[in-house]
Amino acid sequence: MAEKKQHITVRIADLLPLHMDISPEQEEAIRKAEVSLNYLWERWKLRFPTKAPQELMTLIAFHFARNFETLNLAMERMEGTLKDADAGLDAILTEME
């Protein structure tokens with residue numbers, strides 16, 4: 001059976017709305033992204049009143065991309081730490097046997 005999709009509309013900044021079909025479990029993340037983008041858009045429009053909308057959206061896109069990559073790097077480091085800890089625990093358990 002095909003996965004159930006729902007149609008939603010996302011409005012970001014002063015741009016044309018985005019129409020998309022998504023699975024229901026994606027909606028929360030999409031709505032949170034919409035709110036976050038619009039929050040920054042409104043704040044940064046006031047903070048940088050002389051910037052063109054395209055330049056402002058570029059700054060916002062870079063902000064989110066930087067945060068995304070920062071989290072990815074942190075996750076990769078954490079995975080390495082967890083693997084090392086798991087190997088250390090395995091060695092301890094092997095010695096106890």
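This is a predicted model: local features need pLDDT of at least 70, side-chain atom pairs count only at pLDDT 80 or more; totals for chains, interfaces and linings use all residues.
I ran a search over the whole structure and it came back with six salt bridges.

I looked up Glu-28 and found it in a salt bridge with Lys-32, with the closest N and O atoms 3.4 Å apart. Both residues sit in helix H1, four residues apart, about one turn of the helix. I checked exposure too: Glu-28 is exposed, and Lys-32 is as well.

Next I took Glu-34, whose side chain meets that of Arg-31 in a salt bridge at 3.1 Å, N to O. Buried or exposed, which is Glu-34? I put Glu-34 down as buried, because its relative accessibility is 14% and the cut-off for buried is under 20%. Arg-31 comes out at 26%, so I logged Arg-31 as partly exposed.

**Glu-42 and Lys-45**
I have Glu-42 as partly exposed at 41% relative accessible area, and Lys-45 as partly exposed at 31%. I then found that Asp-14 is linked with Glu-42 and Lys-45 in a network of salt bridges.

**Helix H2**
I moved on to H2, residues 53-96, which has 44 residues. From first C-alpha to last I get 64 Å, close to the 64 Å expected at 1.5 Å a residue. Which residues of H2 are buried? I list Leu-56, Ile-60 and His-63. Helix H1 (27-47) is included in what covers these buried residues.

Notes. Residues are numbered from 1 along each chain as its sequence is written. Side-chain values use heavy atoms; hydrogens and water are left out. Helices (H or I, at least four residues) and strands (E, at least two) are DSSP runs, numbered from the N terminus. The expected span of a helix is 1.5 Å times one less than its number of residues. Buried means under 20% relative accessible area, exposed over 50%, partly exposed in between (1.4 Å probe, protein chains only). Contact means heavy atoms within 4.5 Å. A salt bridge is a side-chain nitrogen of Lys or Arg within 4 Å of a carboxyl oxygen of Asp or Glu.
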